[in-house]
Amino acid sequence: MVKALILDTTLREGEQTPGVAFSVEEKLEIARKLDEARVNMIEAGHPAVSPDVAEAVKRIASERLSAEILAHSRAIISDVDTAVKCDVQRVAVFLGVTETKLKTMNMTEEKAIEAAVNSIQYAKDHGMKARFTAEDGTRADYDFVVRICRAAIDAGADRISVPDTVGCMTPARMRGLFSKLSKDLKAELDAHCHDDLGMSVANAIAAVEGGATAVHTTVNGLGERAGITPLEPFAVAMKVLHDTDTVDLGKLPELSLLVEKYSGIPISPTKPIVGENAFSHKGGVHAAAVIFDPQTYEAFPPAIVGRQREIVISKYSGKVAVEDRLKRLGVALSEEELMRVLSAIKEKPEIRSYRDVDLLELAEKATGKKLEVQVPKKIEALVMVKCESNVYTTAVARRILWIKGVERVLEISGDFDIEVLINVDSISQMNDVLENIRIIKGVTATNTRVVLKKFNNGP
Ligand code: HCA
Ligand code: CU
């Protein structure tokens, strides 16, 4: 069975995404969430870049999270020193090793080895663990990569990263390279795969199959140019393809949303795992089969990341999907009525997908039947509440029950801890209730859904 540690570099490589600048507070929040998801290492930043980066690295290191905290550094003593001063557990020293890069830096191979060795030694002398990164190693002369990495290991580096800096590898070459490196270096190897050709997940998996023991990821695949291996599909692929546990998969959707919010880089609906459509089925044939047995069109169940399957209702839908949706809304129609609804749907190809309310309205029109739909006169909303892991949920739940406008409180399992049904007369009252919930000590997040229509079974 293959294994891999996850090094997440959302805060370092991810902040190198054009347009992204996290604040120190945002970085702290992301680091805590990454730790909750149980990533093994967090590359918190390159402290020599700017005072705020150094400040964030320092603050994250002082949080004493379970994950190992690293600082990135060029192979320059002043950089390493800035990293050391942040009190991290590990310094990751990188140096370009291709002929072209050495030329631009005006360095011979021997000078490069010297710079790497001195930097690693400096970090070690200051009580840090050290990683050496042979930058652009996948395009460099193999023998030189081995030579410089050996020298780094001898100087005290206990991890070696051989990154695919411009994302030009294929899985087959990656597997070959890492199995050769693990024989030649006998060291703990990191794979860092850029996505320029869209192969970053496949290349990372192949590196692990070849012998890499850690993979670098970013949340949502952020990073220079096309980014690097996204954490979400990589972690799920390790589970699905190799039955290997890495991070807590259930935490991936919230992590992705948090980073989407702070990075300002929207997630495309078609992104695996965290994209809006990742578990939606649209075609009539697909939907019917999935309703019968989900695995006909699913590689893995959405529940492994705490998400739900959706069946889209549109002109592509067939009878099975429409019948299933209406049934779930508490509406049972005859075969003939159902066919009428279906043809009404197909007569409006411009409607991209039907919300429940619209489908019901159309069903009422098409069948001439008054369906049992109640529109609430008051404002009702469902509020999902998340609590800090160390608070007693019942105490928070009781506290919420005292708030005026709260009708029912449920302690629940899953992404959120408490579900609250509120019933008020106006939006401003709803806002008051929400404010009162949010200020309760121990409440970390709320998510509110307004009830549009209600369907009851029986009288
Ligand atoms: C870069 C450096 C790096 C380093 C990766 C690592 C790369 O070009 O900014 O330290 O493992 O892609 O080579 O991100
Ligand atoms: Cu990189």
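In the predicted model, the buried residues of helix H13 pack against helix H12 (319–328) and helix H14 (356–367). Buried denotes under 20% relative accessible area, exposed over 50%, and partly exposed the range in between, with a 1.4 Å probe and protein chains only. The buried positions of H13 are Glu337, Leu338, Val341, Leu342, Ala344 and Ile345. Viewed down the axis of H13, the buried residues fall within an arc of 160 degrees and so line one face of the helix; the arc is that of the directions from the helix axis to the C-beta atoms. An α-helix has 3.6 residues a turn, so residues three or four places apart point the same way. H13 comprises twelve residues (335–346), which at 1.5 Å a residue should span 16 Å, and the 17 Å between its end C-alpha atoms agrees with this. The expected span is 1.5 Å times one less than the number of residues in the helix.

Because the model is predicted, local features need pLDDT of at least 70 and side-chain atom pairs count only at pLDDT 80 or more, whereas totals for chains, interfaces and linings use all residues. Residues are numbered from 1 along each chain as its sequence is written, chains are lettered from A and ligands numbered from 1 in the order in which they are written, and side-chain values use heavy atoms, with hydrogens and water left out.

The protein chain contains 16 helices and 14 strands. Its C-alpha trace spans about 85 × 50 × 35 Å along the principal axes. Of the 459 residues in the protein chain, 51% are buried. Contact is defined by heavy atoms within 4.5 Å. Among contacts between residues at least 6 apart in sequence, 70% join residues at least 24 apart.

Eight strands close into a barrel with parallel pairing, in the order E1-E2-E3-E4-E5-E6-E7-E8. Two strands are taken to pair if DSSP finds at least two bridges between them. From one strand to the next, the twist averages 25 degrees. Axes are lines fitted to C-alpha atoms, for helices over the stretch in contact, and angles run from 0 to 180 degrees between N-to-C directions. Thr133 has Ser161 of E6 as its bridge partner. Helix H7 (residues 171–185) lies across E6 and strand E7 (188–191), at about 150 degrees to E7.

Several loop residues were examined individually. Thr98, in the loop between strand E4 (90–96) and helix H4 (99–104), counts as buried at 7% relative accessibility. Apart from residues up to four places away in sequence, Thr98 touches Glu135, Asp136, Arg139 and Ala140.

His194 occupies the loop between E7 and helix H8 (200–210) and is buried, with a relative accessible area of 4%. The His194 side chain makes a polar contact with that of Glu13 at 3.4 Å. A polar contact is a pair of N or O atoms within 3.5 Å; within protein, one must be able to donate a hydrogen and the other to accept it, and residues adjacent in sequence count only if both atoms are side-chain atoms. His194 and Glu224 are 30 residues apart in sequence, with a C-alpha to C-alpha separation of 8.2 Å.

Arg225 is located in the loop between strand E8 (214–217) and helix H9 (231–242). Although not a glycine, Arg225 has a positive phi of about 50 degrees; at 45% relative accessibility, Arg225 counts as partly exposed. Ile273, in the loop between helix H10 (252–263) and strand E9 (280–281), is likewise not a glycine and has a positive phi of about 70 degrees. Ile273 is buried, with a relative accessible area of 5%.

An open sheet of four strands has antiparallel pairing and the order E12-E13-E11-E14. Strand E12 (406–411) and strand E14 (443–450) stand at the edges with a single partner strand each, so one side of each is left without a neighbour in the sheet. E12 and strand E13 (residues 418–424) run antiparallel and are joined by five bridges; Val406 has Ile422 of E13 as its bridge partner. Helix H15 (residues 393–401) lies across strand E11 (379–387), E12, E13 and E14, at about 170 degrees to E12.

Conventions:
Helix = DSSP H or I, 4+ residues; strand = E, 2+ residues; numbered from the N terminus.
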